[in-house]
Every structure is written in C-alpha cells, then in structure tokens.
Amino acid sequence: MQGVNWVALTIFVLLFGFITWLGFAAARWRKGDLELLHEWGLGGRRFGTVITWFLVGGDLYTAYTFVAVPALAFGAGALAFFAVPYTIVMYPILFLVFPRLWYVCNKHGYITAGDFVRGRFGNRWLALAITITGIVATMPYIALQLVGIQVVLGAMGISGTGLMADLPLLIAFAILAAFTYSSGLRAPASIAIVKDILIYITAFAAVIVIPMQLGGFGKIFAAVPADKLLLAPPGANTTGAYSAYATLALGSALALFLYPHSMTGILSASSGRAIRKNAALLPGYTFMLGLLALIGFFAIAAGIKGLPEFAAGFKQFGNNFAVPALMLHSFPAWFVGVAFAAIGIGALVPAAIMSIAAANLYTRNIHREFINKNPTNKQEAQMAKWVSLIVKVGALAFILFVPTQFAIQLQLLGGIWIIQTLPAVMLGAYTRWFNSWALLIGWAIGTYAGTTMAISAQLKPTYPLAFGGHIYPGYTAFYTLLLNLVVAVVLTLVFNAMKARAPAADATAAADYHA
Amino acid sequence: MNASPKIRSAWSWWYLLFVVQFIGVLWPPFYNKVEPTWLGVPFFYWYQMLWVIIAAVCNAVVYVVTEKS
C-alpha cells in the first residue's frame, strides 16, 4: 500500500484527541450520580429532543453502515438502496410502539427489554431468552464497528506486522473503553454531536464535489452497468428481487429497534414526546444515508477499482475499501483526515452504546435475576462498568483473531435472532394476551428455523421460499418472524383451552403506558 | 388525568399517513425504472429519496395533530 498519509493522519489524531477529552469531560455533563445504573447506563433519562436526535442517530446509523452500504452499492448495485425504504418505514414503528415502552419503563425503573418482559409477563425464562438474544446479537455488531476503524486506518497507510499492525486499533479501543467506563452513556451522547456534524459535512461535500469532478450525475449513472442500475425484474414463477428488496427493508426496520443499543438510546430520552418528535426528525439521517449509498456509484464511475494505488487496499478490505479509496482519490489530504475521523469516531459512538446496553442486560437480567438477587445500587452500577469492559475486549478479540467475514455473517444471523424478540417486546407493549410460554416456544422455533435457513442459504440474507410452485425470495428474519408469531398465537390458544396454570401477575397497568 | 391517556392510546385516522409510507416504498414495481430521470438521476433513486422527505412530513403532521388532541 502507499506510504503513510501524514496530513490526513494528523487531522485524524487531532479530532480523535478532541473527542477523547470530550468523552471524559462528559461525566460532568447534566451531572448525576454515576454510581446509579440508570445514571451511568441511561444518562439519567435526561436527554431532550435534540440530544436524542444526535444520540439515536449516531447509534443507529453506524460507521459500519456508512462503509458497508456504499460498498454494497459498489458491488451489488440497486439492491443496496433497500437501506432507504428500511430507514423510512422504521419511524412509524418508533412513533407508535416506543413512547409506550418509554412510559412503562420510566414508571417502573426498567432499563432493558429484559426488565420490561420480566415485569409484563412475570416469566424469568422468557426474560432470559430476550436478554441472551440481545447480548449475542450485539457482540458481532460491536466487532463490525471496529472493522470501520480498521479500514480507515489502513487507508491512511498505517500498516505493519504483528502487534504493530494492531496497535492503532488497540489505542482507539483503550480510549473507548476508558471513557465509557468513567462517563457511561453521557460519553457517546456528547461525542455523537461531533461525529454527526463531521459525517454531515463529509456526506454533503462528497455529494457536491465528486459529481462535479466526474461530470455530473448523468455521467455517473451512465457508468453504472445496466444490471446494477435497477433491481432485476422477476422471471416467471418468482417474485425475485422485488420481494427480497421489500422484505429486507421491512424486516430490518422491525429488527432495528429491538437491538439493545436502540433500546438504550430510546430509553435515555427525557419523555415519550421527545421520541415522537424524533420520528419526524430522524429521517434527516436517512436522507444522508441515501446520499452516501450513491457514493458507491461514484466509486464505480471514478474507476477506483482499476487504480494501482488502491489494489492492495481492495485486496485487504474488499469492497469496504471503496469509500475510503474514493475519498483519497477525490479530496485534499486534510479533508480526507476529516472524513476518516468522521468514520472512525462514528464507530466509537455505537460501539460505546452497544457495550453499555449489553452491560445493562447482563447486570439486570442475568446477574441480579440469577446470581446476586439483592445488589446495592453501587454494586449494580460497578458490575455494569466491568461488564462493559469485558464485552469490548470480547469484540476486540473477535476482530483480531477471527476472519472479518465471520463477524459479518454473525451480524447477519444476529438480525435473524433479534427479530424473534418482537412478539414479547413490541406486541408486549400493546397486549399481554400472549401466554409467556407460547412466546418462549415461538422464540425458540423462530431462532432455530432462522439459523437453519440462513445456513442452508449459504449465509445470504435472503431465503428462496418455495410455496405452491412459486418461489418467494425474502429476508429470512422476516419469514421466521411470521413463523414465530403463528406458533405464539396457536400455542396461546391451546394453553388457554387447556386452562393451564393461571398466568403470573402483570407488574404493569394499562395506565403506565401513557403520559 | 384519565381522559387524556384514552385519547393518546386510541386509533387515530391520521395514522393512515403511516400506512401510505409503507405502500409507497415497499412495492418496488412502482419505482423500479430509469425514466423519468431528474438531473441525470434515475427514477429508482430520486423517487425513494423524495419519499424520505414525504415520510418526515407525514410523521411531523401525525405528531402535531395527535399531540393537540
């Protein structure tokens, strides 16, 4: 690869230094007692509409998204644009379901989905299933954020062998771990503001400057091969790319808010109203994501892959190198530093929130439920801080010792797993009609079927469902969610008919779900 | 105290503005075409980007009207 890009690296390090200071200083922001779990792990539920916008935006639209979506457009074309309908239809879901969850969690002091399910259904095993699913789905997600950092470090020409090769990543990681430990959710909330501003600057600069260099959008799209420009029209007896596109968008939207880090970001809002307002404001990020997806096409038009100076990068990082390579190709070195810092810092924000969310889950729903039933507040917060460190070390080990492809595949499976918690969490916000054991069995069958289907489809996100002589390719998570729901409904009816044991008491009341 | 939660949780016809979004963006036959292009951008892309703005406006409308009632 080319030598070290010192100008870009200097800007990158300066910006990184700034957010490191910010991360530690954040402990004193909207000051609270960080020895209480809801202060450390939810920022004291004090973030208003604007901070929630930055925090949830920085949380959901991760650095990996900003690298992987354009990379998918670069490699696969129009299919990558499913990220846009995905991040449109998720906001009505946010608007309808999550203010209810916010109110009930606030009222009862719940800080995780596991807490809510435990209270709503009174079944510790269902809560445990929700909790383990959350932690397992989150781990590879954290690991992928580190891939984002790795790619930009590589693009700045930082290379080496053995420990030296991994040293910059280790430093970034130590910083992340330290400020998360000391400041909790306040750290990513404050850093998200810097990160989002940098990302917006980068995205708009890219969308204005690069098309000018390449001779306009008409020329760019003319350079995209015809088979990548649109979805392939379905043949006879199949719904082809159409059903794949739509179910990927809908299934991803249903899954996203079930991830522990989404829940943590949403529950840290100061009111249900702040969440509803954000259903109208957060699409601002969707618009930017759409613009960034187009950057994949810019990279095709610029002929990035044929340039000899980027050959080594593509060899090492695959299509994920497309965006960094295009930045290097199109921008002066100082601005490359800004853009890469945006991606690198953009990785730290969600990684911090994810590790906090996983720590909250372990502390509340495993440790307190099964190991130490009566911790003091201080013990509980201290436990969460330690777990957040362990989670990050785990993710780091993952990236250093396991092939990246494996993390990507596990993250794909994570989406299939996390969506199986929808009946208990999202429908649970509306009704407790379901029998909790029926929900647990539905979860188990959905998880098992999803994993098997994904493996039989060679770990592609879509599964070619054959039915009545037709083939309906669709997102495996979506299909298995339907299976899960059918099982949960049928078994609830069966259990009710059998007059099985009376269900455990609901700790929540109907009025708890509103202002 | 008792009346306002009832209103908040009830169905609102304005929620149809949510349904419209699902139909508009989750049915690819509507938009899987190149023409008409806009500033050189194929229909497939600018149509979906336009929906981001429409969706944000819809959500804002639903917020304002349901917050008032």
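Which residues in α22(A) meet which residues in α23(A)? The legends below describe a predicted model, and the second view gives the answer.

**View 1. Confidence along chain A of the predicted model.**
The average pLDDT of chain A is 90, and 98% of the residues score at least 70. Helix α8 (residues 163–183) of chain A has the lowest confidence in the chain, with a mean of 84. The highest confidence in chain A belongs to helix α21 (residues 422–427), at 96.

**View 2. Helices α22 and α23 of chain A pack against each other.**
Helix α22 covers residues 436–456 of chain A, and helix α23 covers residues 476–497 of chain A. The two pack at an angle of about 150°, and their axes are 8 Å apart. Because angles over 145 degrees count as roughly antiparallel, α22(A) is roughly antiparallel to α23(A). The crossing of α22(A) past α23(A) is right-handed.

On the side of α22(A), the residues that meet α23(A) are W437(A), A438(A), L439(A), I441(A), G442(A), W443(A), I445(A), G446(A), A449(A), G450(A), M453(A) and A454(A). On the side of α23(A), they are T476(A), A477(A), T480(A), L481(A), L483(A), N484(A), L485(A), V487(A), A488(A), L491(A), T492(A) and F495(A). By class, this contact of α22(A) with α23(A) holds 17 nonpolar, seven polar and no charged residues.

**View 3. The side of chain A that touches chain B.**
In this interface, 34 residues of chain A are in contact with 30 residues of chain B. Helices α5 (83–108), α10 (217–223), α12 (240–256), α14 (272–281) and α15 (283–301) of chain A each give two or more residues to this side. The most comes from α5(A), with seven residues. The residues on the side of chain A that touches chain B comprise 27 nonpolar, five polar and two charged.

**View 4. Helix α5 of chain A packs with helix α2 of chain B.**
Helix α2 of chain B spans residues 16–25. It packs with α5(A) at an angle of about 165°, with the axes 9 Å apart. That angle makes α5(A) roughly antiparallel to α2(B). The two helices cross in a left-handed way.

From α5(A), P85(A), I88(A), V89(A) and P92(A) take part in the contact. In α2(B), they meet F18(B), Q21(B), F22(B) and V25(B). Seven residues of the contact of α5(A) with α2(B) are nonpolar, one is polar and none is charged.

Definitions and conventions
Residues are numbered from 1 along each chain as its sequence is written. Chains are lettered from A and ligands numbered from 1 in the order in which they are written. This is a predicted model: local features need pLDDT of at least 70, side-chain atom pairs count only at pLDDT 80 or more; totals for chains, interfaces and linings use all residues. Two residues are in contact if their C-beta atoms, placed from the backbone, lie within 7 Å. Helices (H or I, at least four residues) and strands (E, at least two) are DSSP runs, numbered from the N terminus. Ala, Val, Leu, Ile, Met, Phe, Trp, Tyr, Cys and Pro count as nonpolar, Asp, Glu, Lys and Arg as charged, and the others, Gly among them, as polar. pLDDT is the predictor's confidence in each residue, from 0 to 100. Axes are lines fitted to C-alpha atoms, for helices over the stretch in contact, and angles run from 0 to 180 degrees between N-to-C directions. Angles under 35 degrees count as roughly parallel, over 145 as roughly antiparallel, 65 to 115 as roughly perpendicular and the rest as oblique. A crossing is left-handed if the near helix is turned anticlockwise from the far one by less than a right angle, and right-handed if clockwise.
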